[in-house]
Amino acid sequence: MTSYSRLWATLLLGALTGLFPNAAQSETIVRKSISYFQIGGKTAADLDDELARKGPFTEATGYRHPGATQIRFGGDLTYTKRGTRCAVEDATVTLDTKIILPRWKNRKRATPEMAMIWDALSSDIKRHEERHAEIARQHAKRLEQRLLNLRPERDCDRLQAKVAAVTDEVTRAHDMAQIEFDRIESHNFEDRMLRILRHRSGKVRN
């Protein structure tokens, strides 16, 4: 499950003049961190209760979840004059993602069966949240490239309106991609866990 905050490009109107014949160049700045919350319990039912009670709360759903990815977009955009027209001089999109994962304090004392179940579950939670972060990274890069590719306009007000439209469009696409990913993952959860457990139990027997 993901939790994201919209803090898209901060627009800085550059009071620059002159010609800049080369295309604008920039690179998306991506920062990622991981934090953990601790849970207790000894049985599968205990773990389920602990995750429901202590997991990160997301405003988008109104529930707590086994894991979460907090996503924050930001950045800077500057304009310049090219002849008589207003152009994007530079655009830098920043992305901060914080992945929140569970840590079971009784893992070392667990039975082999419970340890295998937990390892399967925790690895799936981590994979899920890492994918949320990757979806955000893809859209951050897409936004930056779309902004850099905007054609000059006869004045900066018109160009700023295009910047806002592109930002809104990529924002909506990002939100829909995250929702669709959660929908697919939720639908396939049981089958996915069974495959993971079969794979892990096979490795243990071998």
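Two strands pair if DSSP finds at least two bridges between them, and strands (E, at least two residues) and helices (H or I, at least four) are DSSP runs, numbered from the N terminus. This is a predicted model, where local features need pLDDT of at least 70, side-chain atom pairs count only at pLDDT 80 or more, and totals for chains, interfaces and linings use all residues. Residues are numbered from 1 along each chain as its sequence is written, and side-chain values use heavy atoms, with hydrogens and water left out.

**View 1. The hairpin of β6 and β7.** Here β6 and β7 form a hairpin with 2 residues between them. Look for Gly83 in the turn, with its positive phi of about 70°. Strand β6 (residues 68–82) runs antiparallel to β7, and 15 bridges join the two. Phe73 stands opposite Leu95 of β7.

**View 2. β3 alongside β7.** Strand β3 (residues 29–39) runs parallel to β7, joined to it by 11 bridges. Pick out Tyr36, whose bridge partner in β7 is Leu101.

View 3. Buried means under 20% relative accessible area, exposed means over 50%, and partly exposed is in between (1.4 Å probe, protein chains only).

**View 4. The disulfide of Cys86 and Cys156.** The structure holds 1 disulfide (a pair of cysteine sulfur atoms within 2.5 Å). Cys86 is joined to Cys156, S to S 1.9 Å. This pair links distant parts of the chain, 70 residues apart: Cys86 sits in strand β7, and Cys156 in helix α3 (residues 156–205). The link is right-handed, with 95° about the S-S bond, and both Cys86 and Cys156 are buried.
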